[in-house]
Amino acid sequence: MMRETHCTRAAWHLTHSRPEMLVDYFNPWTPISRQVSMLTHRFSVVAALCEQVGADDELVVLRNALAFHLLRAATWWRIDFAAPRVAGMPTTRFMAHIHAHIDRVAEDESLFDVLTWQHHMRRGDMSHVMVLGTDPLCRGGTSILYGLDGQRRFRFALREDGTGRGVAWDATAHGDFVSTCLDARARHSMVETRNEALGEWEDARIEHARAAKYHMLHFRQDTSRPVIDRYIEVLGEMTRCRSRFGRFEFGNILNHIAFLLVRAAHERQVSVASVLREGTAQPINLRVANSIKKRARAYVAHGVDPLLQDGLDTMLDSVVSGYSLSGQVQESE
């Protein structure tokens, strides 16, 4: 029976947990937290299956691919990454899985080389760029190419389709892909519309620069200040946003912090309002607690691996929002 269960789960993951099904690297409108959650969770599950008796070679190959893409995703979105904290294993063991993967996949070996020792690059040379791919969402007669240069920085180039001209990489370099994508699409829009006004693209680029520091700290537990202070800070950032993308990005970050607040209440077996009152001098009422719980639900719905949603929804159901002035338990969705 155990063998049958193991085989059933393994077969499911071999079909549904391939990295290309979990991550859309070139679409900034796919929530980063959801993609990172899927990679992290599927890696932990598949790695555990590989430790069981009877694990087949295909499952080991999948585990190694997930390890590589977990590291790639952290680099792609500039998220602080540490294997013991994120993958639950020593760095040397995690890297062994990655090396086993790149020994099999030449394209990923090339990318890993650019990100690390650069044996095949002119190290430090901005003019030496490895092509990562084209933007699948841009329209018109001009394509966007993305690349990674000898300084491990993301670059883009605009190419007029059908001309046969060589690629001229833009001089601007970025530390994460989303910054590059927003810059590229702003330039693409100017070329296609002949309009020199950047408008919302400029707002989106500025707002993403503010959001990037929160992405970097996604896996970290910030114990230096109360979570509610971070929530209020990000809420203020979102309120300031003028672009749709900025509101989208800060909304996802805010939902994640709200989830952390509700999870803290669950772990301590108190209400959300109780956690809030202990963490800040700001006035807290039931409406605020309910708003935070709704955002936590939005995070579970859109920001985590779907395989985790049922368990997390049950956890959220068990947490009381707050208390009325009369002392009676109140909860509202």
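## Overall form and a β hairpin

For 333 residues, a compact globule would have a radius of gyration near 20 Å, and the protein, at 22 Å, agrees with this; the radius is taken over C-alpha atoms, and the globule rule is 2.2 Å times the number of residues to the power 0.38. The model is predicted, so that local features need pLDDT of at least 70 and side-chain atom pairs count only at pLDDT 80 or more, while totals for chains, interfaces and linings use all residues. Residues are numbered from 1 along each chain as its sequence is written, and side-chain values use heavy atoms, with hydrogens and water left out.

Along the principal axes, the C-alpha atoms fill a box of roughly 75 × 60 × 35 Å. Of the 333 residues, 47% count as buried, meaning under 20% relative accessible area with a 1.4 Å probe and protein chains only. Among contacts (heavy atoms within 4.5 Å) between residues at least 6 apart in sequence, 60% join residues at least 24 apart.

The protein has 14 helices and five strands. These are DSSP runs numbered from the N terminus, with at least four residues (H or I) for a helix and at least two (E) for a strand. Two of the strands are listed here.

| Strand | Residues |
|---|---|
| β2 | residues 142-149 |
| β3 | residues 154-160 |

Strands β2 and β3 pair in the antiparallel sense over seven bridges; pairing requires at least two bridges found by DSSP. Together they form a hairpin with four residues between them. In the turn, R152 has a positive phi of about 60 degrees. L148 stands opposite F154 in β3.

How values were computed:
Buried < 20%, exposed > 50% of the residue type's maximum accessible area, 1.4 Å probe, protein only.
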